[in-house]
Amino acid sequence: VSWARDVYKRQVSTQSTGITLWHLHQLGIWLVYHQIHFFFMDNFELIADYVRAFSPPVNNGHNKSDNKSDFLQSEKGLRNHLGENNCFLNVVIQSFWHLKSFRELFDGFGCTENHAAGENCIFCALQSVLLEYRFSEEFVIPPTLLRKALAVNYQPFQRFQIGKLADAAEALEAILDALHERLQGKGIKKLTKTKEIGSQNTSSEAPCFCLAHTVFGLFCNSSITCTLCSSKTVLSNDSLFIIYTYVHSLREAFSKEPDLSFCGYMKRVSESEVRVCGQNGCMMPCQVKRTLLQIPTVFSVGLVWERPNSTAEEIGELLDIIHLKMDLSNIFQLNNSYIYRLKGFICYYGCHYNAFFLSAETNSWYFFDDSNVKSIGEYWSLVKDKCVKGKLQPFVLFYERDIEAEIAAASETKIVFTNATQTEDSLQTPSQASSPSSDTLTSQTNEPNEVKESNEASTHKDLPEEVTNPASQVDTVEKLPSEEAPNLSLIHISEPTRLRRISYAVFC
């Protein structure tokens, strides 16, 4: 303003009207530019939503061609126009698509009821969206059918209504519940009744083997065993789709024991729960133990944060705790190893949900933000950097079972056990290897003495003299002078035999 005033005074003094108008024109452009700049800075989030809603879809580097495999392998986005608030549902659809075990099993099922197309069936709506995801040539898929089906079915509870934001984990569980209701009894086994193990003999539902529970189902038995009165009490049999844990508890366990795995930290958190026995007036505190009665194909872990806007340091520390591989036997009481690998996770920033998933076709991580899809890279470190820089808080982790790794681990264990058995047999002492069994001794008692002597001679002909007759070596040592006499406990047998015996003792 002072610059404009000075320019105006100079131009008035020189009576040069043309130059004065030119400078005022430049001043107006400068003022308009700064007004627009300040407006963008004050309303950045709102403008970003407008740009995301009305911008053309990103091609993601996939060129359209006549080959259908190009469309099958492409990563696609999901529509979320301004005011629709579909982000919580879009990440759930991306989860269903990128979890191969669910997608392949879901293709083999159909809806159990014959109904019209407009009856808002959640199963049929999900099937329609996934079919469009697979075969459509568009790179942005509308989730309208599934969003409408959720809104109609949960309208009495005022949940998942159109235009309103909802929780992604609750939407995932709601869809799985709907699939369970439609496909109950069409799974591997039918729903049965069983009795709880323990002092409380009340009936409860056994593990269900429908589509939803086969892939995501966690049937967890919680019990306590009193160390004072030795009574066992079953607390509950919980059927879950997602097992939740607190982030602050994981970080506390990490600060105390930084060398544990992600399974170890989850086990530490679960072991911290203590209940009172309560049997016959016993007030002994007991540790709660959890046993899985049903092994899912996808192990889902929900992370509960203290606040919705955590710092980048807290997010980075949690990502350092999360490992790409886990074994359920390190968390629950299981007899065998069940190996799982991280396939993706849902995250959020503020009130907006995003997702990261590993593509099976390209073996690369992708970032899904509604209609925008971005390739991150093959390395987990790149995913962590993206989350830390954007302050994206992991919300639900999806671990998929790796049966090939379990078979390989079992084969390695079998090979090691076989080699150990062979090594133990080879490390037997000559006297043990040549000692006959009881049946052989019984048969040899009736043989002539010359036959026995010939057998003994043939047995020991290849062994050194100090092994076949240890007393000779000891007698030789005893005749040595006292200052040259070695330690009899180590040299009463030959050096190779002593090393074999030491190795055998260490092995045992």
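User: What makes β5 and β10 paired strands?
Analyst: Two strands (DSSP runs of E, at least two residues) pair if DSSP finds at least two bridges between them. One of the bridges links Ser223 to Lys289 in β10. The model is predicted: local features need pLDDT of at least 70, side-chain atom pairs count only at pLDDT 80 or more, and totals for chains, interfaces and linings use all residues. Residues are numbered from 1 along each chain as its sequence is written, and side-chain values use heavy atoms, without hydrogens and water.

User: Why are β6 and β10 placed at the edges of the sheet?
Analyst: The open sheet has the order β6-β5-β10, with antiparallel pairing. β6 (232-240) and β10 (289-294) each have a single partner strand, so one side of each lacks a neighbour in the sheet.

User: How do you know that the buried residues of α7 line one face of the helix?
Analyst: Buried means under 20% relative accessible area, with a 1.4 Å probe and protein chains only. In α7 this applies to Ile122, Phe123, Ala125, Leu126, Val129, Leu130 and Tyr133. Down the helix axis they fall within an arc of 165 degrees, so they line one face; the arc is that of the directions from the axis to the C-beta atoms.

User: Which residues is Phe102 in contact with, leaving aside neighbours within four places in sequence?
Analyst: Contact means heavy atoms within 4.5 Å. Phe102 has such contacts with Phe96, Leu126, Leu130, Leu179, Leu211, Val215 and Phe216.

Notes. Buried means under 20% relative accessible area, exposed over 50%, partly exposed in between (1.4 Å probe, protein chains only). Helices (H or I, at least four residues) and strands (E, at least two) are DSSP runs, numbered from the N terminus.
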